[in-house]
Amino acid sequence: MTTQVKNRWFMALAAMAIHISIGSVYAWSVYVKPIQSTMNWTLTDVTITFSIAIFFLGLSAALMGKFVERKGPRVAATLAAVLFGLGTVGSGLAIHLESKLLLYVTYGILGGAGLGIGYISPVSMLVKWFPDRRGMATGLAIMGFGFASAISGPAIKVLIDAVGVSSTFYILGSIYFIVMFTAAQYLANPPEGYMPAHFTAAINAGKKKLKEDLVNITRDEAVKTARFYGLWIMLFINVTCGIAIISVASPLLQEVIGISALAAASAVGLMGIFNGAGRIAWASISDYLTRPVVFILFFITQIIAFYMLTTVTSILLFQILLYYIMTCYGGAFASVPAYIGDIFGTKELGAIHGYILTAWALAGLVGPIIIAYVKDTTGSYTGTLYVFVALFVVALITSLLMLVNIKKIKNKQIMA
């Protein structure tokens, strides 16, 4: 009796549904001013909520990577649905009770844990379902995370105006839980050694060649390599700079280029579209240009873009630069899982990915708090942009060293 293999494209759609739900965290900036006016809190007070959520995203991804590999994507994604749903609904209660601490616990800790587990649950699974197109596969799922703010940003604004902040959390938390729980039930790893029929036929006909991974090692072995820390540093810098912009996008656009709150919410939505589009576009491009080359391109172009943000006066050009930065921000996230597979193999990809995402956790604390603190103390967002330019120079150097390291190992393998 043969077991029917599930449809890998439906698997990608289920993964995308989960990521669209948890990706609503990227629309946090739309909550910022309503919460400030309702609670009479500072920008830093409100931004800390977002930072805690991103920190616990990375922490839970790191701690639960082995759990995801052991229990499988369905169980892990179901747990994520419960945590993220509870965290979002609980945030409504926190606002109702005017409790800053409860908001940090619900949205930050509970919601953040749901974010982390929900983020990694489908990703390593999709790399295994799409051995022929790793970058595109992870780009599909993680694209949902980026696109989420395009849906959530305007929806949050409309709901807050209609029913208030607390009820918005109640409504959206319930919706997120239902969508995530339903999608989780379809997830499953492919059979051992799975390859799609058309790809197997192409290999047998000599038309395609399966790229061999650099090595195939465990998480504990991976953390002993220089490549692991190089990838960690690159992701940390890319996220620190991008997430700082995301965390204050709505007030930044209102204050710097003088657009209305509703227009800013729409712009946040557009940022989400470019964040999402960058994930599928750059990840797909990385299947052809290779992951190391794509990361070098990220950093060269963002050095230019962040520097230009400090001097640009054109409203249109300012937004174009922001949207381009979002494509690179999302593209790096989508390319990282495939990069991990290329240089460490798929044996414990989910667990290694979880460890790498600690870079996101730390960046989630560093980026938003720096930009909020500078704004609160100096009244300007410009100072931090120069810091980000310097950080991207460091990232560029690291990405070049990664390329050298990978080529060195390949040459050793050829010589052996």
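How many residues does helix H14 have, and how far does helix H14 reach from its first C-alpha to its last? Helix H14 (residues 261–289) has 29 residues and reaches 40 Å between those two atoms, close to the 42 Å expected at 1.5 Å a residue, where the expected span is 1.5 Å times one less than the number of residues. Helices here are DSSP runs of H or I with at least four residues, numbered from the N terminus. Just after H14, Thr290 takes a positive phi of about 85°.

The model is predicted, with local features needing pLDDT of at least 70 and side-chain atom pairs counting only at pLDDT 80 or more, whereas totals for chains, interfaces and linings use all residues. Residues are numbered from 1 along each chain as its sequence is written, and side-chain values use heavy atoms, with hydrogens and water left out.

Helix H9 (residues 165–184) packs with helix H8 (residues 134–163) at an angle of about 135°, their axes being 7 Å apart; axes are lines fitted to C-alpha atoms, for helices over the stretch in contact, and angles run from 0 to 180 degrees between N-to-C directions. H8 and H9 are therefore oblique to each other, a term for angles that are not under 35 degrees (roughly parallel), over 145 (roughly antiparallel) or 65 to 115 (roughly perpendicular). The contact (heavy atoms within 4.5 Å) is made by Ser152, Ile156, Leu159, Ile160 and Val163 of H8 and by Val165, Ser167, Thr168, Ile171, Leu172 and Tyr176 of H9. By class, this contact of H8 with H9 has eight nonpolar, three polar and no charged residues, with Ala, Val, Leu, Ile, Met, Phe, Trp, Tyr, Cys and Pro counted as nonpolar, Asp, Glu, Lys and Arg as charged, and the others, Gly among them, as polar.

The axes of helix H2 (residues 28–39) and H9 come within 10 Å and cross at roughly 145°. Here Trp28, Tyr31, Pro34, Ile35 and Thr38 in H2 meet Val165, Thr168, Phe169 and Leu172 in H9. The axes of H2 and helix H3 (residues 43–63) likewise come within 10 Å and cross at roughly 145°, with Trp28, Val32, Ile35 and Gln36 of H2 touching Leu43, Val46, Thr49 and Phe50 of H3.

Phe145 and Trp360 form an edge-to-face aromatic pair, 5.6 Å centre to centre with 75° between the planes; rings of Phe, Tyr and Trp (its six-membered ring) pair if their centres lie within 6.5 Å, and planes under 30 degrees apart count as stacked, over 60 as edge-to-face and the rest as tilted.
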